[in-house]
Amino acid sequence: MVSAPWIWTTTAAVGHVHDAADAPTADVVIVLGTTVGAGGQPEARLAGRLQTAAELVTSGRARVALVSGDGGGDSGDEPAAMTAYLTGTLGVDPARVVADPNGLDTYDSCVRARDVYGVRRALIVTQSYHLSRAVTLCRSLGLDVDGVRARCDGCGRALLAEKSVRDYFASGKAAWDAVRQRPPAVTSPRSSAVETALARS
């Protein structure tokens with residue numbers, strides 16, 4: 001019973017997890033935020049997610065990147081740092097990037113992509129230890145989502161083991177959020193930002 005949520009998040013994502021090179025196409029790629037480093041620069045894991053997302057956009061597998069994270073996080077403004085890195089360092093056209101500053105956790109990022117930005121079909125990018133949970137949460141909310149494994153340069157075995165254990169326990173909250181259809185922490189009016197970016201792309 002203790003492992004049931006983890007089994008759910010893992011098995012429900014089977015067939016919907018890919019590498020960047022063989023990912024299916026979608027209009028939107030959702031990039032999940034995480035820690036920002038000193039000077040507002042993404043730390044290695046976040047940089048890996050953004051590098052993978054940029055690869056998907058430049059290869060034509062996605063047209064618009066929706067960067068979703070905590071705009072008031074302890075480490076800094078995640079979506080602002082993500083946008084700057086995508087457009088400045090990685091050369092993605094700014095017109096193809098939309099920022100959601102209220103994706104406070106994985107569940108919120110999924111439900112806000114659906115309800116605020118009107119996303120119905122998307123790719124979602126995060127590291128492998130987090131990907132099945134992210135895919136399952138989004139799909140449980142009615143989004144047609146496929147996951148793409150992000151680069152994880154510098155992720156040693158100890159870090160991967162730590163994050164995998166954390167995700168195992170986080171699956172319980174994920175299952176509870178999905179069952180009760182929890183509203184996001186921040187509710188916002190509908191935004192046409194993604195639709196506008198798609199029209200320009």
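Is arginine 121 buried, partly exposed or exposed, and at what relative accessibility? At 24% relative accessibility, arginine 121 counts as partly exposed, because the buried class ends under 20% and the exposed class begins over 50%. The structure described here is a predicted model.

**Salt bridges**

The salt bridge count comes to 15. Side chains of opposite charge can pair when their charged atoms come close. Three of these pairs are set out below.

| Pair | N to O distance |
|---|---|
| Aspartate 27 and arginine 63 | 3.2 Å |
| Arginine 121 and aspartate 144 | 3.5 Å |
| Aspartate 146 and arginine 121 | 2.8 Å |

Aspartate 27 forms a salt bridge with arginine 63. This pair links distant parts of the chain, 36 residues apart. Aspartate 27 sits in the loop between β1 and β2 (28–32), and arginine 63 in the loop between α2 (44–58) and β3 (64–68). Aspartate 27 is partly exposed, at 37% relative accessibility, and arginine 63 is partly exposed, at 31%.

Arginine 121 takes part in a salt bridge with aspartate 144. Aspartate 144 is partly exposed, with 37% relative accessibility.

Arginine 121 also meets the side chain of aspartate 146 in a salt bridge. That pair again links β5 and β6, its members being 25 residues apart. Aspartate 146 has a relative accessible area of 7% and is therefore buried. Elsewhere, salt bridges that share partners join Asp105, Asp108, Lys173, Asp177, Arg180 and Arg182 into one network.

**Histidine 18**

Aspartate 146 has a further partner: its side chain makes a polar contact with the side chain of histidine 18, at 3.1 Å. Histidine 18 lies in strand β1 (residues 17–18). With a relative accessible area of 16%, histidine 18 is buried. Beyond its neighbours within four places in sequence, histidine 18 is in contact with Ala23 and Pro24, and with Asp146, Gly147, Val148 and Arg149.

**Helix α5**

Helix α5 covers residues 128–140. Its 13 residues, at 1.5 Å a residue, should span 18 Å, and the end C-alpha atoms are 19 Å apart, which agrees. Buried residues in α5 are Tyr129, His130, Leu131, Arg133, Ala134, Val135, Thr136, Leu137 and Cys138. Just after the helix, glycine 142 has a positive phi of about 95 degrees.

Terms used. Residues numbered from 1 in each chain as written. Predicted model: local features only at pLDDT ≥ 70, side-chain atom pairs only at ≥ 80, totals over all residues. Heavy atoms only, no water. Helix = DSSP H or I, 4+ residues; strand = E, 2+ residues; numbered from the N terminus. Buried < 20%, exposed > 50% of the residue type's maximum accessible area, 1.4 Å probe, protein only. Polar contact = N/O pair within 3.5 Å; in protein donor to acceptor, adjacent residues only side chain to side chain. Contact = heavy atoms within 4.5 Å. Expected span 1.5 Å × (residues − 1). Salt bridge = Lys/Arg side-chain N within 4 Å of Asp/Glu carboxyl O.
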